Structure formats: C-alpha cells, structure tokens
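Here are my notes for your read-through. Please keep the structure open beside them.

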Amino acid sequence: MRKIMLMIGSLFILSSCVNMKEWRSSLPEDDFLIIGHRGASAYVPENTLSSFELAEDLNADYIELDVHLTKDDEIVVMHDDDVSRTTEAAGKIKDFTLDKLKELSANRKKGEKIVASGADHEDIAIPTLSEVFEQMGTEVRYVVELKDTEQYPDIERKVVDLMKSYDLIGTDQNGFPKAVIHSFDKEALKKVHKLEEKIPLLQLLSFDEGEEAELSRKELKEVLQYASGVGVSYKAVTPVFVNTMHDKGLAVYAYTVNDAEDALKLKSMGVNGIHTNEPDILGNEKES
Ligand code: G3P
Ligand code: CA
C-alpha cells in the first residue's frame with residue numbers, strides 16, 4: 001500500500017514538474033517581457049479598450065488588467081473595486097448592474113478628466129472582460145489579475161470559463177502562454193489551479209519601501225505548488241532573489257516600472273519582465 005502511495009506521490013510531483021516546465025520552456029531564458037500595466041495607462045485612461053489597443057500598438061508582449069464582478073455577475077475590467085477614482089460616479093462595482101456601469105466613463109485619473117482625444121464613449125467605457133477578449137482577440141496576450149475575490153463568489157470559475165471559451169488556455173504560435181492569471185490572493189490562485197492547471201499563475205508579492213524581496217522556505221514550498229512565477233514590487237528585487245526563484249524554476253516579473261534605467265537594471269539582474277504603464281519604455285533597447 002505504501003509503495004502505491006509513493007508511486008502516486010511521484011506521479012503527482014512529476015506531473016507538476018511537467019506543467020511548470022511547459023510554462024518555463026515558453027519563456028526563453030534571455031527574454032524580457034514588457035507587460036502593459038492596465039494597458040498603456042501612462043497615455044490613455046487605464047483598463048479601457050483604448051488603453052489595451054495602444055499597448056498592442058506599442059508592441060507590449062502582454063496586456064495586464066484587473067477584474068471584478070457586477071451586481072448581475074458580469075466580469076468587468078477596472079483596477080479599484082469602487083468607481084470613484086476613475087469615473088464620474090461613486091460606489092462599489094458589486095452594487096452596479098452592468099447597464100448602469102456602462103453609462104459611466106472610465107476617463108478620470110486622480111480627479112482629472114483625461115479623455116483621450118477623439119475617443120468614442122465605447123473606447124473609454126468600462127469594458128467587460130469578454131469585450132476585451134472579443135476585441136483584442138488572440139493577437140495580444142493577457143495577464144488577468146483577480147482582485148478582492150472575497151467580494152465575488154466564484155469569480156475564479158467565471159474567469160477560467162471565459163478564458164476557455166475564447167481559446168486562451170495554452171500557448172500561441174511563438175510558444176508563449178496566451179493568458180496568465182496573477183493575484184496577491186494565494187487562495188484565489190489555488191482555486192484557479194484546481195480548476196485548470198494549464199493556466200500559468202503568478203503569485204504577486206509586495207514588500208515595504210527599503211525591504212528586500214524574500215520568501216521563507218515554507219512560503220516558497222507553498223508557492224511552488226501552484227505558481228509558475230512571482231510578481232514583485234520592483235524596488236525590492238535583488239539579484240539573490242532572482243537567482244533563488246530561478247533555481248526553483250519560478251519566473252520573476254517586476255512591477256510597476258516606469259523608468260528606463262530601472263527597467264534595464266532589472267533586466268541585467270535576470271528578471272523575466274516588467275509591468276509598465278509605458279510599453280514603449282525601452283524602445284529599441286528591449287532587444288539589446
Ligand atoms: O503589475 C502588478 C500590479 O498589477 C499589481 O498592482 O495595484 O497595479 O494592480 P496593481
Ligand atoms: Ca493589476
């Protein structure tokens with residue numbers, strides 16, 4: 001009996017390694033991915049279709065977006081769980097129906113109106129996740145962030161189902177995962193892993209100003225059970241941390257980097273990519 005249990009255990013470990021290898025092999029070691037944080041949010045209103053389109057035009061490798069659920073259970077794309085920072089209204093997303101949210105314009109930043117010139121309402125309306133997938137298709141790749149999941153029962157399943165229905169599980173013709181999920185919420189990531197282990201997951205980690213990134217042995221062991229990498233506040237990233245994660249087969253992405261010098265420094269440390277509001281941050285230097 002013990003032998004059988006050991007065999008089952010080995011098979012489980014092997015299958016986890018195969019999945020991780022699949023993800024790692026899709027990220028060439030010398031690659032440095034540019035992830036458009038909330039799209040190209042330095043230039044146009046964040047998390048809108050116009051922001052994602054601009055990020056694509058600026059050759060972002062991935063577009064990053066944040067999701068929430070409306071009162072009538074629609075998955076919408078917005079950073080905060082409250083509409084007051086980015087729209088003309090106030091209140092929690094979970095208390096708005098989709099129709100009511102669609103009346104708003106997600107075109108404000110820190111109280112200022114920053115309507116992209118020539119933008120139609122549709123370009124700056126709050127998009128649903130399915131509208132983003134529909135409009136952007138598989139020409140772009142996605143990093144979807146699950147936020148405030150305690151407010152949204154079963155959002156993990158809804159997001160996974162939608163990704164499946166848009167054929168976003170697996171890799172594209174260049175061998176890159178078509179979509180990745182990341183979150184600070186490890187329980188949400190574990191749920192996704194149970195639902196569909198082929199989706200690469202990144203555990204987001206935040207460190208205080210002045211702190212260096214690190215994971216205890218226990219934390220690392222836990223992350224390795226479901227994640228293919230980590231997303232780390234960029235100031236905390238050190239070469240030792242990057243090497244430790246790489247030795248364990250975990251990719252490292254740094255957020256949110258809006259200065260080219262910082263980006264190049266992280267690249268030289270071996271970081272696998274950055275989240276940036278300016279997908280053109282490195283211009284031609286990306287490949288050098
Ligand atoms: O890029 C990582 C990042 O998305 C996590 O922070 O607050 O911008 O969603 P936030
Ligand atoms: Ca995010």
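This is a predicted model: local features need pLDDT of at least 70, side-chain atom pairs count only at pLDDT 80 or more; totals for chains, interfaces and linings use all residues.

1. In His79, a side-chain N or O atom is 2.7 Å from an oxygen atom of the ligand. For Lys147, the distance from a polar side-chain atom to an oxygen atom of ligand 1 is 3.0 Å. How much of ligand 1 does the protein bury? On its own the ligand exposes 290 Å², and 89% of that is buried by the protein.

2. Next, the shell. Around ligand 1 are His37, Arg38, Glu64, Asp66, His79, Glu145, Lys147, His182, Phe184, Tyr255 and His275. By class, the shell holds five charged residues, four polar and two nonpolar.

3. Now the metal. Which residues supply the protein donors of the calcium ion (ligand 2)? They are Glu64 and Glu145, each through OE, and Asp66 through OD. These donors lie 2.1 to 2.2 Å from the ion. Glu64, Asp66 and Glu145 are also listed among the residues around ligand 1. Along the chain, the calcium donors follow the spacing E-x1-D-x78-E.

4. Are Glu64 and Asp66 buried or exposed? Buried means under 20% relative accessible area. Glu64 has 1% relative accessibility, so Glu64 counts as buried. Asp66 has 0%, so Asp66 is buried as well.

5. On to the aromatic rings. The whole structure contains three aromatic pairs. In one of them, Phe133 and Tyr142 have ring centres 4.8 Å apart and planes at 70°, so this pair is edge-to-face. Both Phe133 and Tyr142 are buried. Ring pairs also bring in Tyr166, giving a cluster of Phe133, Tyr142 and Tyr166.

6. Last, please look at Arg141. Which rings does its charged end sit over? One is the ring of Phe176, with the charged end 4.4 Å from the ring centre. Another is the ring of Tyr62, where the distance to the centre is 5.7 Å.

Technical notes. Residues are numbered from 1 along each chain as its sequence is written. Chains are lettered from A and ligands numbered from 1 in the order in which they are written. Side-chain values use heavy atoms; hydrogens and water are left out. Donors are N, O and S atoms within 2.8 Å of the metal (3.2 Å for Na, K and Ca); water is not among the atoms, so sites may look incomplete. Buried means under 20% relative accessible area, exposed over 50%, partly exposed in between (1.4 Å probe, protein chains only). A residue is near a molecule or strand if one of its heavy atoms lies within 4 Å of it. A polar contact is a pair of N or O atoms within 3.5 Å; within protein, one must be able to donate a hydrogen and the other to accept it, and residues adjacent in sequence count only if both atoms are side-chain atoms. Accessible areas come from the Shrake-Rupley method with a 1.4 Å probe; for residues, only the protein chains shown count as cover. Ala, Val, Leu, Ile, Met, Phe, Trp, Tyr, Cys and Pro count as nonpolar, Asp, Glu, Lys and Arg as charged, and the others, Gly among them, as polar. Rings of Phe, Tyr and Trp (its six-membered ring) pair if their centres lie within 6.5 Å; planes under 30 degrees apart count as stacked, over 60 as edge-to-face and the rest as tilted. A charge sits over a ring if NZ of Lys or CZ of Arg is within 6 Å of the ring centre and within 35 degrees of the ring normal.
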